[in-house]
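Let's walk through a few spots in this protein together. Have the viewer open and follow along.

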Amino acid sequence: MEFFTADIHFCDIGTIISDNRPFKSARQYDNFIIRDWNKRAKKGDAIYVAGDLLDCHTENPTAWVSGLKLIKKVKADVVLILGNNEQRIIDKFFNGNFDAFVEHCKEHGIKEVYKSLDLKLWGKNFHIVHQSIHADKNKINLFGHTHLCSGTYHPYGLCIST
C-alpha cells in the first residue's frame with residue numbers, strides 16, 4: 001500500500017508551535033508520528049513524503065541529524081521527495097552534492113530520495129513535488145509546503161501537508 005504526506009519536520013519545535021500542533025515537545029510529536037505510521041503502514045508498504053521530512057533552520061540547523069535517525073524506527077519504506085528544508089541541508093552540509101545527501105539518507109534507512117517523482121498508480125499518472133509551483137499540469141499532483149492545508153484541492157492536484 002502507498003501512503004502520502006508532507007511537512008513532517010521531525011525534531012522541530014518551531015513548526016509544532018507555528019502550526020499549533022497539539023504536542024508539548026518535538027519528541028512527543030516525533031514519537032506520535034512514528035507510532036501512527038507503524039500502526040498504518042507495514043513492511044513492504046511505502047510512505048512518500050513530499051518534502052520537509054527533516055528540518056534545517058537558523059534556530060536549530062542540525063535538527064535534521066536527529067530527525068534522520070528516527071527513520072530506522074519506521075516499518076514501511078520511506079521515500080523522500082526533496083523539500084526546501086532538505087535543499088538547505090544539501091547546500092549547507094553536503095556542499096550542494098545531491099548524490100552525497102542521497103547516500104547519507106539511505107545509510108539512515110530512507111529507501112529512495114528524489115527531487116520530484118512521477119508514479120503511475122491505479123491507472124493514473126501522479127507527479128509528487130514539494131511546492132505546487134513545480135506542478136506538472138498534465139498529471140495529478142501531490143504536493144506539500146503549505147502547512148495546515150491538507151486536503152485542499154486545486155485543478156492540478158492535492159495538498160498533502162500535515
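Ala6 sits in the loop that links β1 and α1; helices (H or I, at least four residues) and strands (E, at least two) are DSSP runs, numbered from the N terminus. Ala6 is buried, with a relative accessible area of 0%. Here buried means under 20% relative accessible area, exposed over 50% and partly exposed in between (1.4 Å probe, protein chains only). Leaving out residues up to four places away in sequence, Ala6 touches residues including Val49, Gly144 and Ser161, where contact means heavy atoms within 4.5 Å.

His9 lies in the loop between β1 (2-5) and α1 (13-18), and His9 is buried too, at a relative accessible area of 3%. The side chains of His9 and Asp55 are joined by a polar contact of 2.6 Å. Such a contact is a pair of N or O atoms within 3.5 Å; within protein, one must be able to donate a hydrogen and the other to accept it, and residues adjacent in sequence count only if both atoms are side-chain atoms.

## Helix α5

In α5 (residues 98-107), the buried residues are Phe98, Phe101, Val102 and Cys105. They cover an arc of only 100 degrees around the axis, so they lie on the same side of α5; the arc is that of the directions from the helix axis to the C-beta atoms. Asp99 and Glu107 are exposed on the other side of α5.

## About the model

This is a predicted model: local features need pLDDT of at least 70, side-chain atom pairs count only at pLDDT 80 or more, and totals for chains, interfaces and linings use all residues. Residues are numbered from 1 along each chain as its sequence is written, and side-chain values use heavy atoms, with hydrogens and water left out.
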